[in-house]
Amino acid sequence: MAEAAPDRPPVVAVMVTYRPAVDQALALVDALAPQVDRVVVVDNGSPADDVAALRDLVAAYGGELVALGANLGIASAQNVGIARARELGARLVLLSDQDSLPAPDMVDRLRAGLATAAERGPVAAVGPITTDERNEGAALLFSDHRWGPRRADIPATDGALVPVTFLIASGCLVDVAALDVVGDMDEALFIDHVDLEWGLRARRAGFALYGVVGARLAHALGDETRRIAGRRRAVHLHSPTRNYYMARNTVALVRGDLLPTAWRWGYAAWITKYSVFYVLAVAPRAQRLRLLVRGLADGLRGRTGPLATARR
């Protein structure tokens, strides 16, 4: 990677894939490559043909692919990518999921936002105003409220910084120096709440996190959305397996020491509503019930890791 100017610290994009649609991956790499110094794709166990296609695709842009050979979870894949970014001399790491698409100027706007935020004090990361157009473009940016994070108010001022509780991983521009202090992503969680847990650790270590108004990212959250009577916005639906991780990891956070007391009660109430909704309203109900109960139980037991081999 070529040496960057002192006022433009090098950025490596770490893109995690798992059985991606190749055309979707092409669009993402095509959008990311011109904005960063290098793209590193970490594949979490996709079929060999897909991995080969991805490797050729990324190589055409001067990037590289790391094939893990199995699904080790989002946190492990991010940590592998971050380690490789460090080897390449990155001072900033841009995390990306396969189901996102950044605006052409997103990284430049994030760089500017990070520089402005650093004038206020230690900052761990900044992120874009992330929207899911399936849900009326509602911003996926969350700030502190009494019972836990809630959607943040987004000012109209271009370049404004919005203090947030945590940042959705995709599109998050992380300062490597902050990683040195905060540490890597928690691999024991495997998937779900990984970004929340890291954000809470970063804030406990004295760092701030911000959303940058004007930096834009389109992101598809969940497998689909569904309208629910009485709700302003649609609900993002996930697979039964993700129900397990969400239940387990929410209980783990509630039992841990990162959440304020009121937030523990708030998350306990939320995972109760979440579980009841999925069991009553989303097929296959019996499978979801089994996995939600197992997730809640494993969270109470302190079991972690992938579902099939959740370890003590």
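**Helices and a strand**

This is a predicted model. Start with helix H6, where the buried residues are Val194, Leu196, Glu197, Trp198, Gly199, Leu200, Arg201 and Ala202. That is eight of the eleven residues in H6, which spans 194–204, so call the helix mostly covered. Just after H6 comes glycine 206, with a positive phi of about 100 degrees.

Next, a pair of helices. H7 covers residues 240–255 and H8 covers residues 261–281; their axes come within 9 Å and cross at roughly 160 degrees. Angles over 145 degrees count as roughly antiparallel, which means that H7 is roughly antiparallel to H8. The crossing of these two helices is left-handed. On the H7 side, the contact is made by Arg242, Asn243, Met246, Ala247, Thr250 and Val254. H8 contributes Arg264, Tyr267, Ala268, Trp270, Ile271, Tyr274 and Tyr278. By type, the residues of this contact are nine nonpolar, two polar and two charged.

Now strand E4, residues 92–97. Are its residues buried or exposed? Six of its six residues are buried. Leu92, Leu94 and Ser96 point one way, while Val93, Leu95 and Asp97 point the other way.

What does E4 pair with? Strand E1, residues 11–17, pairs with E4 in the parallel sense over six bridges. In that pairing, valine 16 has aspartate 97 as its bridge partner. Strand E11, residues 173–175, runs antiparallel to E4, and three bridges join them. There, valine 93 stands opposite valine 174.

Technical notes: Residues are numbered from 1 along each chain as its sequence is written. This is a predicted model: local features need pLDDT of at least 70, side-chain atom pairs count only at pLDDT 80 or more; totals for chains, interfaces and linings use all residues. Side-chain values use heavy atoms; hydrogens and water are left out. Buried means under 20% relative accessible area, exposed over 50%, partly exposed in between (1.4 Å probe, protein chains only). Helices (H or I, at least four residues) and strands (E, at least two) are DSSP runs, numbered from the N terminus. Axes are lines fitted to C-alpha atoms, for helices over the stretch in contact, and angles run from 0 to 180 degrees between N-to-C directions. Angles under 35 degrees count as roughly parallel, over 145 as roughly antiparallel, 65 to 115 as roughly perpendicular and the rest as oblique. A crossing is left-handed if the near helix is turned anticlockwise from the far one by less than a right angle, and right-handed if clockwise. Contact means heavy atoms within 4.5 Å. Ala, Val, Leu, Ile, Met, Phe, Trp, Tyr, Cys and Pro count as nonpolar, Asp, Glu, Lys and Arg as charged, and the others, Gly among them, as polar. Two strands pair if DSSP finds at least two bridges between them.
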